[in-house]
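Here's a quick briefing to read with the model open beside you.

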Protein chains: 2
Amino acid sequence: MKLPIDGARLQKEIDELSLISEQPAPVVTRVLFSEADLRGRDFVKNLFRQAGLAVREDAVGNIFARWEGRDKSAPALATGSHIDAIPNAGKYDGVVGVLGAIEAVRALQKTGFVPQRSIECIVFTAEEPTRFGLGCLGSRILAGTLSKDKIAGLRDRDGHDLEFWRKRAHLPGGDPAAARLAENTYASFVELHIEQGPILEQRNLAIGIVEKIAAPSSLRLQLTGVGGHAGAVLMPGRRDALLAGAEIALEVEKAALASGSPDTVATTGVFRIEPGAVNSVPCHATLEIDLRDTQLASRDAALKKIEAAAVEICHRRGIGLQLERVNVDAPAICDGALVQSVSGVCEELGLSFTKMISRAYHDTLFMARICPATMIFIPCRGGVSHRPDEYSSPQQIADGVAVLAGTLRRLVE
Amino acid sequence: MKLPIDGARLQKEIDELSLISEQPAPVVTRVLFSEADLRGRDFVKNLFRQAGLAVREDAVGNIFARWEGRDKSAPALATGSHIDAIPNAGKYDGVVGVLGAIEAVRALQKTGFVPQRSIECIVFTAEEPTRFGLGCLGSRILAGTLSKDKIAGLRDRDGHDLEFWRKRAHLPGGDPAAARLAENTYASFVELHIEQGPILEQRNLAIGIVEKIAAPSSLRLQLTGVGGHAGAVLMPGRRDALLAGAEIALEVEKAALASGSPDTVATTGVFRIEPGAVNSVPCHATLEIDLRDTQLASRDAALKKIEAAAVEICHRRGIGLQLERVNVDAPAICDGALVQSVSGVCEELGLSFTKMISRAYHDTLFMARICPATMIFIPCRGGVSHRPDEYSSPQQIADGVAVLAGTLRRLVE
């Protein structure tokens, strides 16, 4: 049975949420626990409540909205994504999987359907790494992959920890590590998301079903040189932190290009120098490097190459180096039976689809560690994401929501 | 006659002013027209008034404090420096020449001396380029080297112009270009300053007398690439603005090292990227480059080499380049008779001295275009400047003030 997806209402809600941003439209910026992020959370919680779902928040700000099933004791089926957005982003990344989940629930409700299992819609805290330099913070904690010490050691660029921001956001509970989910909390997890790559558009397909998520990793480097007056300190005596950082950034590119795998991608996405005055030799540089691959072997080889290059460069230039592996994660393998269920729904709805790899990471990377999981991808224009011109059409979004709703129905009947 | 310099009082005032900062002690940061800079200006204006000087401000915020001489119509003798400070700076750069001028005046007053010519102490607006990317803003305007259009085109990193900041600082007058000084306003100009280099300390000399100021120049580069998701955009398709910037920064270093002159210094002091998120390919980079030399020929050759490298790198990487020569200044030659007068004072006081080149630029670079000018340098520890650990001893400062006071007396008698 075709479900009554209200694509127009959903688009209106996506547009409304996009205006809750730290920067003027069309730019979306919602850094974790910023004013805009907190207002965005309220917007979403209200929609959940209007749909009759019971809303709770855990100690780290993951939001759970529950549609109680007939069998209250059975593990629930979960879906969801994130609404936080990096600086200068667009309005679909994450949001389609959150607002789409609400629309999927509403569509099921309209048909009079009552689920056997409960359905939970999750909004994950900080899928984006902007605040603490660590992506998927909420789902990492739910999956129990972060120690109490690691959580307590998180700092943003102003030196504030999670506890500081927890209080600002009025989050309940005391111990973030206690947000870890009990075993068998969820029967499965399915996340709807824009592809953030060009494959579906190029092949003119409506849906991608994710079989594997590429292995992400990230490094943070603190380079300490010696500052001084740009006019007075002659070149031979210099220990310029920026120049060491510049060499390292070029080695990051080289390591990806020379990895032997076309899937290795490496990016220096953060590069801050101090003091940052034109007439002052940079004394300090902070680099954050993102490195991913579909293959663990080539990813790890590139990682080691980058680390060795950083050590050599800093040694040669007399620069102090502090190197931290922020995260080095394995790839996620999605559940075969779940992938088959989603394929079945696509066939039922007459939507073209392919099975594929996700190069971007998502909260599913960590949910897959605690329950069977997969993702439903929809095309986005030009494969563009993390930019204000990110775009998926209302029809593409409605198709994705239809597949999500059909999958939820199939899995909770 | 030995003048009664009150070194202890002066040191106390230097310490007090250093606490008026955007950052906690020992860090001094006073960016032009920031809250701290405005409070610093008030502090200095009060000291001038306490010394009985008549204080006025011009349309761009240059402060003039006048000790009227017996011959009111004769061109005045000017001295002074600046109190603005780059981020993460120390407490002596500029300040010694401002507070030292006040102490020199007070010492002369104590002896009952009445000057024939008037003496004016000047606090120049924005010797540091932090706000608008252009150093010596106040003295450039006094010397008439900036067109009305160039002044109107100045923007800080938030897009605010000089007019915006003029209003915030409640500055008088309407036309910044009208702050240009009439011909023959000053008979001469003498600036007291810390050396910002190691020569005086290494040679154990009390005083340096500046014969020449190295030729400064600076470039601003805007690099525009294409952003995107750090996981999804494969390496061959990238147009990463940071990587182009990294290559350019290394070419800046290379151009200075290969110039043939040991005096060529080149620094990429500003390097900002957007969006600056670890999982996003940098779409934009802003670089500000400082290039100086005692020789115009090698400076200009290095400048051309850097510009050509930037063009080649951006072309090869598919990056849009906007290159602006913010300033390309000639060196200043100091007045021989004035240098002789200062030498005479040093001999009179029994202070060791040398004639020297200033590698750092100063407001004297522009004052030298409109009147005979020179500078009095004092040693600073390790040659360190533009850092919180910048230091000159109370005795070194008192010696500098004694030479300044003696020179003022000699020139206005």
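Axes here are lines fitted to C-alpha atoms, for helices over the stretch in contact, and angles run from 0 to 180 degrees between N-to-C directions. With that in hand, the axes of helix H1 (residues 7-18) and H3 of chain B come within 10 Å and cross at roughly 145°. Keep in mind that this is a predicted model, where local features need pLDDT of at least 70, side-chain atom pairs count only at pLDDT 80 or more, and totals for chains, interfaces and linings use all residues. Residues are numbered from 1 along each chain as its sequence is written, chains are lettered from A and ligands numbered from 1 in the order in which they are written, and side-chain values use heavy atoms, with hydrogens and water left out.

- Helices (H or I, at least four residues) and strands (E, at least two) are DSSP runs, numbered from the N terminus.
- H3(B) covers residues 95-110, and its end C-alpha atoms sit 22 Å apart, which agrees with the 22 Å that its 16 residues should span at 1.5 Å a residue (the expected span is 1.5 Å times one less than the number of residues).
- Of those 16 residues, 14 are buried, so H3(B) is largely enclosed by the rest of the structure (buried means under 20% relative accessible area, exposed over 50%, partly exposed in between, with a 1.4 Å probe and protein chains only).
- Contact means heavy atoms within 4.5 Å; on the H1(B) side, Leu10(B), Ile14(B) and Leu17(B) are among the residues that meet H3(B), whose own set includes Val96(B), Leu99(B) and Arg106(B).
- Just after H3(B), Gly112(B) takes a positive phi of about 80°.

**The open sheet**

- Four strands of chain B make an open sheet in the order E11-E13-E9-E14, with antiparallel pairing (two strands pair if DSSP finds at least two bridges between them).
- E11(B) (265-274) and E14(B) (320-328) stand at the edges with a single partner strand each, so one side of each is left without a neighbour in the sheet.
- From one strand to the next, the twist averages 15°.
- E11(B) and E13(B) (residues 284-293) run antiparallel and are joined by nine bridges, with Thr268(B) opposite Ile289(B).
- Helix H8(B) (residues 241-257) packs on the sheet, touching E9, E11 and E13 of chain B, and its direction makes about 175° with that of E11(B).
- Helix H9(B) (residues 296-317) also packs on the sheet, touching E9, E13 and E14 of chain B, at about 165° to the direction of E14(B).

**A loop glycine**

- Gly237(B) lies in the loop between strand E10 (228-229) and H8 of chain B.
- Gly237(B) is exposed, with a relative accessible area of 57%.
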